[in-house]
Each structure stands twice: as C-alpha cells, then as structure tokens.
Amino acid sequence: MLWPANSPDLNPIKHMWDELCRRVQQHHPPPANLGQLLQWLQQEWNGVPRAFICNLIHSMRQQCVECLAHNGGHTRY
C-alpha cells in the first residue's frame, strides 16, 4: 500500500468521532458554552464502551483487505 496513512478508509478514529458526535448530540438542550461542550466531550469519550473500541481495532484487518481489493478506492467502511 503506497499511501495508507492518507486513506480515509484506513482511519479508525473517524468512526470514534462519529460515535462521540452521536453521543454528544443526545444531550438536550445543546451546550450553553464551550466549557460545557468540552465537559460533555470528555464525559462521552470516557463512556464509549470498550467493546466498541475493540471492534474498531479488530475491523482494521478487513478494512485493509477491502482497501487493497478496491485499489485504494472507496470501501463500505
């Protein structure tokens, strides 16, 4: 793989940010200020289940296989 670091299909942190975003958006009303947003982000980051993180890690092999099969193009991830 000539360019793996730049492939969005090989970046598991994007899935973590998506999960974090969903969790923070469940707070109502929206954060009143930047400090509250930071507090919620930290709280939700710490609350992401370990199983979710393990699944991200374990999915990397299949993501690499699919990325290679698509010559670095878009995959289902």
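Colleague: Which residues make the nonpolar surface patch of about 310 Å²?

Modeller: First, a note: this is a predicted model, where local features need pLDDT of at least 70, side-chain atom pairs count only at pLDDT 80 or more, and totals for chains, interfaces and linings use all residues. Residues are numbered from 1 along each chain as its sequence is written, and side-chain values use heavy atoms, leaving out hydrogens and water. The patch is made by Ile13, Trp17 and Trp45.

Colleague: Is tryptophan 45 buried, partly exposed or exposed?

Modeller: Tryptophan 45 is found in helix 2, residues 34-47 (helices are DSSP runs of H or I, at least four residues, numbered from the N terminus). Buried means under 20% relative accessible area, exposed over 50%, and partly exposed in between. With a relative accessible area of 37%, tryptophan 45 is partly exposed.

Colleague: Where do the buried residues of helix 4 sit around its axis?

Modeller: Helix 4 (residues 60-69) has Met60, Gln63, Glu66 and Cys67 as its buried residues. They cover an arc of only 125 degrees, taken from the directions from the helix axis to the C-beta atoms. That arc therefore puts them on the same side of helix 4.

Colleague: Which exposed residues does the face turned away from that buried side carry?

Modeller: The buried residues of helix 4 have helix 3 (50-58) as part of their cover. The face turned away from the buried side carries Arg61, Leu68 and Ala69.

Terms used. Patches are made of residues with over 30% relative accessible area and no salt bridge: like charges are joined within 9 Å, nonpolar side chains (Val, Leu, Ile, Met, Phe, Trp, Tyr) within 5 Å. Accessible areas come from the Shrake-Rupley method with a 1.4 Å probe; for residues, only the protein chains shown count as cover. A salt bridge is a side-chain nitrogen of Lys or Arg within 4 Å of a carboxyl oxygen of Asp or Glu. Helices (H or I, at least four residues) and strands (E, at least two) are DSSP runs, numbered from the N terminus. Buried means under 20% relative accessible area, exposed over 50%, partly exposed in between (1.4 Å probe, protein chains only). Contact means heavy atoms within 4.5 Å.
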